[in-house]
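Welcome to this tour! Open your viewer, get your selection tool ready, and follow along one stop at a time.

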Amino acid sequence: MQQTQQTQHAPTPLLQAMGLTGEGKASAVPFTLDDYRRQGGYDALRRALRELSPTQVIEEIRTSGLRGRGGAGYPTGDKLALVASGRSTMRYLICNAYDADARSLISATLLEQNPHLALEGLALASYAAGVSEAFLYVRSARTEAAASAQKAVADALEANLIGRNIMGTAFSLAVTVVGVDRSFMGGEESTLIEIIKGRPMKAQQRPPYPAMQGLYDQPTAVQNVETLANLPAIISHGAGAFRQSGSRATTGTKLLTVIGPGGAQLIEIPFGASVRQALQQAGIDANENNARGVVVGGMEGGVLPLSALDTPFDFDPLAQADAMVGSGMIEVLPVDACMVRWAMERSDYLSEETCGKCVPCRVGVKRIAGTLQGLVSSLGQPDDLKLLEEFSHYVPDGSLCGYGVHAIHPVVSAMRYFGDDFAAHLAGKCPTGTCQPVRAHRFNTKHVL
Ligand code: SF4
């Protein structure tokens, strides 16, 4: 894979706040509390507590246009306002730093490099929503990130930046680090609430949404850690400054894990920059000599052909292209990748990760994977493509949570953009000559549901 010279398209505030970019600041040394405070850390919280009411903080966040970075893109200010409006006196906030896609670098790097950035964002959101108890939900297998989060909470408590009567004000906030190492579904918002309650790992039907009835049936703001990491800058520099970058629909920047031939790396782009620009930011020139397609969105993401790399990295354009923001991942597939096999492997993985609560997802994704196994094994039937199309509607239409809605992206995007690969396999030939028959495939050709 040809590497291009790395280009700087726009400011990278989050990477800079982690000490990973910026003039003279590039450093892999994690920030201590003192480092963070020397840079103005916790000034936003001080200002909010002393000068702004919770409603004013919410309005500033609303004006900034910040949307959740966890995949759904819900406006952050609106979610906090919903929680604040709950009648209960007990409200919770859960900072989701789990990285459901275990290959993602985003949450773990944030926690390792500058955990106080996340903690200050967590405190600001809690103050705005009237929350008095918050959870920092981390993947315990990421031991350095989990340890860094725990130390940050202890240091912040010692410095009266969380805990009782923060900075001498009436605002108190208890923060607990919850370390969990479960599967992909461990990062789903209703599932993580069940896990914190000590219940089986099953997604829950919505509505009611957690913002109205979440942890212990109380209003609960579940916010992605990257979303919260944006709050200190919004309160310190104002919503207008935040709106300077990003697209009309989605303001600000996005951290991305880019997986190319040189391994995984963390980059940051403004929303609305193209997938091609994101690759260039990572120093990758994907072309027909070195790449077959680019997967956008992580394990549930879709594959784009090279001709679609100018698609803006933003919620709506990616959804229209059968890809997604998802877990913020971009992966380059090699030039000899067979897209039937790729879709089969992803669908197989997703069929194993489902929580199994509802039939369309539990059975449907398995049927998709099984049908693709038959195609890869040159045992496909002409009706298989029709079957795959039927299931790509049936699964999302009948699924309880977003997992089932997005689990069809791999097969749908592969069929949309790489139909010739499917035709070749139906004719008994792998288009890139790389597929071997699947030995223990589920040979599904009949529509029985
Ligand atoms: S859609 Fe899938 S992951 Fe979601 S509740 Fe149903 S079975 Fe579980």
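How many residues surround the ligand, and which are the closest? Keep in mind as you look that this is a predicted model. Select the ligand and its surroundings: 14 residues surround it, and the closest are Cys355, Cys361, Ser399, Cys401 and Gly404. Now colour helix 16 (359-376) and helix 18 (402-406), the elements that give two or more residues to this shell. If you colour by class instead, you will find eight nonpolar, four polar and two charged residues in the shell around the ligand.

**Next stop: the two domains**

Domain 1 covers residues 31-242, and domain 2 covers 339-426. Their C-alpha centres lie 35 Å apart. Where the domains touch, 11 residues of domain 1 are in contact with seven residues of domain 2. On the domain 1 side of that contact, the residues divide into five nonpolar, four polar and two charged.

**Next stop: helix 15**

Select residues 339-353. This is helix 15, with 15 residues. From its first C-alpha to its last it reaches 21 Å, close to the 21 Å expected at 1.5 Å a residue. Is helix 15 largely enclosed or left open by the rest of the structure? It is largely enclosed, because 11 of its 15 residues are buried. Among them are Met339, Trp342, Met344 and Leu350, but also Arg341, Arg346 and Asp348. Show the surroundings too: the buried residues of helix 15 pack against strand 7 (293-296), strand 8 (302-305) and strand 9 (329-333), as well as helix 16, helix 19 (409-417) and helix 20 (419-426).

**Next stop: the nonpolar core**

In soluble globular proteins, nonpolar side chains tend to be buried together. Here, the largest nonpolar core has 143 residues. To find the ones with the most contacts inside this core, select Cys95, Ala118, Leu122, Leu124, Leu136, Ala278 and Val294. Which helix gives the most to this core? Highlight helix 7 (residues 115-129), which contributes 10 residues. Domain 1 and domain 2 both give residues to the core, so it lies between them.

Stay for a moment with cysteine 95. Leaving aside neighbours within four places in sequence, its contacts include Ala118 and Leu122, along with Phe135, Leu136, Tyr137 and Val225.

**Next stop: helix 5**

Select residues 76-84 for helix 5, whose buried residues are Thr76, Gly77, Lys79, Leu80, Ala81 and Val83. These pack against helix 4 (54-64), helix 7, strand 4 (220-224) and helix 10 (225-229).

First, pick leucine 15, found in helix 1 (residues 13-17). Is leucine 15 buried or exposed? With 20 C-beta neighbours inside 10 Å, it counts as buried, because 20 or more are needed for that label. Not counting residues up to four places away in sequence, leucine 15 touches Leu20, Thr21 and Glu268. Try the distance tool as well: the C-alpha atoms of leucine 15 and leucine 255 are separated by 8.0 Å, although these residues are 240 residues apart along the chain.

Then jump to glutamate 288, in the loop between helix 13 (275-281) and strand 7. Glutamate 288 has 10 C-beta neighbours inside 10 Å, so it counts as exposed.

How values were computed. Residues are numbered from 1 along each chain as its sequence is written. This is a predicted model: local features need pLDDT of at least 70, side-chain atom pairs count only at pLDDT 80 or more; totals for chains, interfaces and linings use all residues. Domain bounds come from an automatic or database domain assignment. Two residues are in contact if their C-beta atoms, placed from the backbone, lie within 7 Å. Ala, Val, Leu, Ile, Met, Phe, Trp, Tyr, Cys and Pro count as nonpolar, Asp, Glu, Lys and Arg as charged, and the others, Gly among them, as polar. A residue is near a molecule or strand if its C-beta atom, placed from the backbone, lies within 6 Å of it. Helices (H or I, at least four residues) and strands (E, at least two) are DSSP runs, numbered from the N terminus. A residue is buried if 20 or more other C-beta atoms lie within 10 Å of its own, exposed if 12 or fewer, and partly exposed in between; C-beta atoms are placed from the backbone. The expected span of a helix is 1.5 Å times one less than its number of residues. A nonpolar core is a set of buried Ala, Val, Leu, Ile, Met, Phe, Trp, Tyr and Cys residues joined through C-beta atoms within 7 Å.
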